[in-house]
Each structure stands twice: as structure tokens, then as C-alpha cells.
Amino acid sequence: MAAAPDWGDGTRVVRAGLPEPLKYEPTLPGPVFAAHFHLPGEPTGPYTYGRDENPTWTLLERAIGELEAPGDSTVETVVFASGMAAISSVLFSQLRAGDAVVLPTDGYQALPLVREQLEAYGIEVRTAPTGGDAQLSVLGGAKLLWLETPSNPGLDVCDIRRMVTAAHAAGALVAVDNTLATPLGQRPLVLGADFSVASDTKGMTGHGDILLGHVACRDADLAAGVRRWRKIVGAIPGPMEAWLAHRSLATLQLRADRQCANALALATALATRGDVTGLRYPGLPDDPSHEVAAGQMRRFGSVVSFVLADRERAERFLEELRLVDDATSFGGVRSTAERRGRWGGDAVPPGFIRFSVGAEDPDDLVADVLRALDAAAGRG
């Protein structure tokens, strides 16, 4: 059943990508485990070899496309084994030696590794911060503008519409890493971007048990380049992971609404604390990014960031938490937090905390965090 463009988010996510109903068939077919398919005669048709296509991927890709740009049948989606595979597919399928790309200085910590590889291939890499649309200052002559908004982990926001207009006028493509927002929070393709990219390991699947990524775009030639890169490097998801991801999408709206509400409640509580500085959450009315975020985001995400006095205070805080796991990644139904500086690569203070808000009871979660802050400060 084709998705209706006026469906609400809850209806859309539970119906996304489902095949036409057939008597005695499951509503969501199980994963197809196949390295090859029956292929007599000429190799025509959708399924020939397991590295190229798989029926389980097809349904998931259709589902994600329906979320990225509802009602737009031109959207093509390509799923990958991880978010980094999805990111790499855009960069390495579109850029050649002599091209220039603009990356954010405050994006995902693996981007410096990507930069090293791009430069090794003779590609010029320019960088500027996300906030204030600063990447526009180094855009001239670039082939591709890479945005990450909200940025990870600092939660700065740039104006996607403005960035797209400027980039296209300058002859550049625009890719948006939409991992923090998910398509229910923000739709880069609707805002004019050429690529919407995400690590579906995070909020899209939401249970911390799948590695997955995707790229969505409207241009068939761009999609073909991304798909060709996937085939060449073999960065394909397993059918079980793809099926689990599709199953998880059905609860995306429920999870996102609860997690975003909890994140706002936590950020509001943290704003009253004298021992918390550098608090960022785009949903807070006084957040520096709120005005821009409110103009392009439908939900503000599940991640809150803040700074405690030093490394020792941050580590004591994390040890005192009872409902929150000290773990990396974000977007899961169980709250997690970490001292982000332990990894290196992020320009953050030693006491910087990235907090991924889950779906717990908000009163319990806020109480646990405030108690842990008191304990870390030697109070209570």
C-alpha cells in the first residue's frame, strides 16, 4: 500500500515500506538470506546477486524514503552496513582528485580520519564551524558542502535552507548528516539538500543492537553513484539487520516523542544548576540555536550536552547514575551518557558530558541525574 502524503508520523512509521497485502503472507516478510538467486537466461530483474540487491533491503529502503520525503516518489534510498559506510559512500562517490569539499570542524569525531583519506586522494578539505553558518565562508569553488546539524556532540545548528541556496548558486552539492534529528525531526531533502545521510545505528533503530546507515537523495544519477560505491566496496547490511531495522521503525514516532519530551525536561532541570555550564539543547527557548532550529526542525532530538567542572567531577557523576549507562552512541530507548573527551578528537572540555536521553519515566530520570550531580559535588 502506497503511503499517503497527508498521513501523520505515527501512521507513516507503522506502515512505511510494507508490501501490498497478500492472503496468508506476513505483513512484514522475514529476512531473505541469499547470496544468489535463480537466474536462468540473461541477468535481468531486480535480484541477481546478494552484494547488489536483496528483497529485505528493498522494503527497508522504501520505508526510509517514505519518511525522508513523504509523497515524493523520486526519492531513492541506499542502506549500508554502518553510518560511516553511508558517509563514505557520498564523499568517495562524488569527489575526485582536485575537487574541494567543506566539512564541519565540530562534526562527528571520525571526520578527521575521513579528511586524512580524502587528502591522500588529492582532494582539498576545508573546514569551518557549524554555528553561524560559518562553512559558507570557505565554500567558493567547492564540489560538496557537508553539513552536520545539529552537530555532534556540541549541538550547534546551521540554516539548511540558506546553506543549500548558497551552495547550489556556487555549483556545489549539499549533504546533510541527519543522524541526531532523524527524518521525524528534520527532513533535509525537503529543505533542498541533495543527500540526507544518517547512522541508523542511533535513533532510527533506537535499541542499540544494530549497526546500519543510509543515504537518501532525489537525483537518480547521484543515487546510482552511491549504489555503485556500495557494490564496489561491499559495504552491505546483513538481511537480519535490515529486517530488524524495518521492524524498529514502527515505534520511531513513539520513541522520538517520548525521548524529545524527556530531553527537554532534563535540559530544563539542568538549566537551574549552578554546577552545570555550557548547557546545549536546541529545544530550549534560550539555546543559541533555538531560533534557527525551530525554523527547520519538527522535533529537537534526544541528546543534551553540558559541562561539569573537570574530568574528575564528570567521572564521579557518571559513576553515581543508576538509570543511565556509561556508554557511547546515542538515540536509544535506554539513557546513556559519557565523558566525551575520553575518546579524543572532539574539541570539548575535560568535563563535557554528552547525554542521550531515553524513554524512562521523566520524573525518575531527572531525579536520578540531579541526585548524581549532588553526589558528584559531595552534597547529599
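I count a polar contact as a pair of N or O atoms within 3.5 Å, where one must be able to donate a hydrogen and the other to accept it. The model is predicted.

**Entry 1: helix 6**

I looked at the start of helix 6 with that cut-off in hand. A side-chain oxygen of Asp-219 sits 2.8 Å from the backbone nitrogen of Asp-221, and Asp-219 caps the N-terminal end of the helix. I then checked the length. Helix 6 runs over residues 220–233, and its 14 residues should span 20 Å at 1.5 Å a residue; the end C-alpha atoms are 20 Å apart, which agrees.

Next I listed the buried positions of helix 6: Leu-222, Ala-223, Val-226, Trp-229 and Arg-230. Down the axis they fall within an arc of 120°, so they line one face of helix 6. The spacing rule I had in mind is that an α-helix has 3.6 residues a turn, so residues three or four places apart point the same way. On the face turned away from the buried side I found the exposed residues Asp-221, Arg-228 and Ile-232.

What do the buried residues of helix 6 pack against? I noted helix 2 (55–68) and helix 3 (83–94), along with strand 1 (76–80), strand 5 (173–177), strand 6 (195–199) and strand 7 (213–217). After helix 6 comes Gly-234, with a positive phi near 70°.

**Entry 2: helix 2**

I went on to helix 2, one of the elements that the buried residues of helix 6 pack against. Helix 2 has 14 residues and reaches 20 Å from first C-alpha to last, close to the 20 Å expected at 1.5 Å a residue. I found helix 2 mostly covered, with 11 of its 14 residues buried. At the start of helix 2, a side-chain oxygen of Asn-54 comes within 2.7 Å of the backbone nitrogen of Thr-56.

**Entry 3: Ser-196**

I followed Glu-68 to its partner. The side chains of Glu-68 and Ser-196 make a polar contact of 3.0 Å. Ser-196 lies in strand 6. Is Ser-196 buried or exposed? I read a relative accessible area of 0% for Ser-196, so it is buried. Setting aside residues up to four places away in sequence, Ser-196 touches Glu-68, Val-176, Asn-178, Pro-188, Leu-189, His-214, Val-215 and Ala-216. I also took the C-alpha separation between Ser-196 and Arg-230, which is 16 Å for two residues 34 apart along the chain.

**Entry 4: Asn-152**

I placed Asn-152 in the loop between strand 4 (144–148) and helix 5 (160–169). Its relative accessibility is 7%, so Asn-152 counts as buried under the 20% cut-off. Its side chain joins that of Arg-354 by a polar contact of 2.8 Å. Beyond four places in sequence, the contacts of Asn-152 include Asp-106, Tyr-108, Leu-180 and Phe-330.

**Entry 5: cavities**

I searched the whole structure and found two cavities of 30 Å³ or more. The largest cavity has a volume of about 140 Å³. It is lined by 17 residues, of which Leu-180, Ala-181, Thr-182, Ala-256 and Ser-302 are the closest to its centre.

**Entry 6: helix 10**

Asp-310 caps the N-terminal end of helix 10, with a side-chain oxygen 3.3 Å from the backbone nitrogen of Glu-312.

Conventions
Residues are numbered from 1 along each chain as its sequence is written. This is a predicted model: local features need pLDDT of at least 70, side-chain atom pairs count only at pLDDT 80 or more; totals for chains, interfaces and linings use all residues. Side-chain values use heavy atoms; hydrogens and water are left out. Helices (H or I, at least four residues) and strands (E, at least two) are DSSP runs, numbered from the N terminus. The expected span of a helix is 1.5 Å times one less than its number of residues. Buried means under 20% relative accessible area, exposed over 50%, partly exposed in between (1.4 Å probe, protein chains only). The arc is that of the directions from the helix axis to the C-beta atoms. Contact means heavy atoms within 4.5 Å. On a 1 Å grid over the protein atoms alone, a cavity is a set of points where a 1.4 Å probe fits but cannot get out, and a pocket is an open set with protein on both sides within 12 Å along at least five of seven lines; lining residues have an atom within 4 Å of a point. Grid points are joined across faces, edges and corners, and a volume is the space filled by probe spheres set on the points.
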